[in-house]
Amino acid sequence: MITPALPAPPVADDPRFASFDDSVTAWALAARGGDADAVERFVRALHPDVRRYVTHLCGDPQAADDLAQDTFLRALGSLHRFEGRSSARSWLLSIARRAVVDSWRHAAARPRLSDAPDWQIAVERAQPRGLPGFDDGVALLDLLAVLPEERREAFVLTQLLGLPYAEAAEVSACPVGTVRSRVARARATLMGLLDAAEEPAAALAA
């Protein structure tokens with residue numbers, strides 16, 4: 001049976017969450033100073049978030065690996081400009097977003113040899129299972145695929161990656177209120193889809 005509930009977002013007010021962002025920011029600053037161990041810690045800590053984010057944006061798990069690598073290469077080359085005014089995670093995700101946009105521009109400038117796989121099918125391969133509220137093989141990414149790109153990005157940043165709204169706004173280059181509106185509309189759409197998926201099961205059980 002499909003439970004009509006969205007997975008709970010990471011709790012940004014949890015002290016452990018703040019500690020994580022503080023730690024990766026400290027590692028980034030230490031890496032800027034030439035600490036090789038800090039570089040490794042920084043990359044290992046944020047690689048899962050970066051890969052998840054670029055996968056949602058580009059819709060191709062194979063390309064996501066290259067984009068994640070490109071993101072870290074860009075970030076490590078720009079560490080001398082990172083001053084810690086924002087969290088290193090939001091700074092890195094901003095770089096990841098630019099990497100994806102640049103890849104789109106590069107692809108648009110080249111003739112396409114074949115159609116890219118459908119976004120929904122592609123991200124399904126990378127979808128982690130066992131998310132609360134999504135039983136019977138119903139994947140969250142299946143539902144996210146129907147959202148407009150901007151709402152999907154806002155939802156991913158805040159509800160899946162756990163960024164505060166202010167940092168998500170910084171990554172997306174838009175006002176905080178816009179991010180809140182996009183997330184609210186995304187959640188309403190997803191809840192409607194879950195309710196619709198629940199109706200046939202309820203009818204059969206009646």
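Which residues in α2 meet which residues in α3?

Tutor: The model is predicted, so local features need pLDDT of at least 70 and side-chain atom pairs count only at pLDDT 80 or more, while totals for chains, interfaces and linings use all residues. Residues are numbered from 1 along each chain as its sequence is written, and side-chain values use heavy atoms, with hydrogens and water left out.

First, the setting. The protein has nine helices and zero strands. Helices (H or I, at least four residues) and strands (E, at least two) are DSSP runs, numbered from the N terminus. Of the 206 residues, 39% are buried; buried means under 20% relative accessible area, exposed over 50%, and partly exposed in between, with a 1.4 Å probe and protein chains only.

Now your question. From α2, the residues that meet α3 are Val39, Phe42, Val43, Leu46, His47, Val50, Arg51, Val54, Thr55 and Cys58. Their partners in α3 are Pro61, Ala63, Ala64, Asp65, Leu67, Ala68, Thr71, Phe72 and Leu76. Contact here means heavy atoms within 4.5 Å. By class, this contact holds 14 nonpolar, three polar and two charged residues. Ala, Val, Leu, Ile, Met, Phe, Trp, Tyr, Cys and Pro count as nonpolar, Asp, Glu, Lys and Arg as charged, and the others, Gly among them, as polar.

The axes of α2 and α3 are 8 Å apart, at an angle of about 135 degrees. Axes are lines fitted to C-alpha atoms, for helices over the stretch in contact, and angles run from 0 to 180 degrees between N-to-C directions. The two helices, α2 and α3, are therefore oblique to each other. Angles under 35 degrees count as roughly parallel, over 145 as roughly antiparallel, 65 to 115 as roughly perpendicular, and the rest as oblique.

Besides neighbours within four places in sequence, Val50 is in contact with Ala68, Thr71, Phe72, Leu92, Leu93 and Ala96. Val50 is also among the residues with the most contacts inside the largest nonpolar core, together with Phe42, Tyr53, Trp91, Leu92, Leu93 and Leu157. That core has 43 residues. A nonpolar core is a set of buried Ala, Val, Leu, Ile, Met, Phe, Trp, Tyr and Cys residues joined through side-chain atoms within 4.5 Å. The elements giving two or more residues to this core include α2 (36-58), α3 (61-78), α4 (88-108) and α7 (149-160). α2 supplies the largest share, eight residues.

α2 also packs against α7, at an angle of about 160 degrees with the axes 10 Å apart. That angle makes α2 roughly antiparallel to α7. This crossing, too, is right-handed. Here Arg52, Tyr53, His56 and Leu57 in α2 meet Arg152, Glu153, Val156, Leu157 and Leu160 in α7. The contact of α2 with α7 has five nonpolar, one polar and three charged residues. Tyr53 and Leu157, both in this contact, are also on the list of core residues with the most contacts.

Terms used. A crossing is left-handed if the near helix is turned anticlockwise from the far one by less than a right angle, and right-handed if clockwise.
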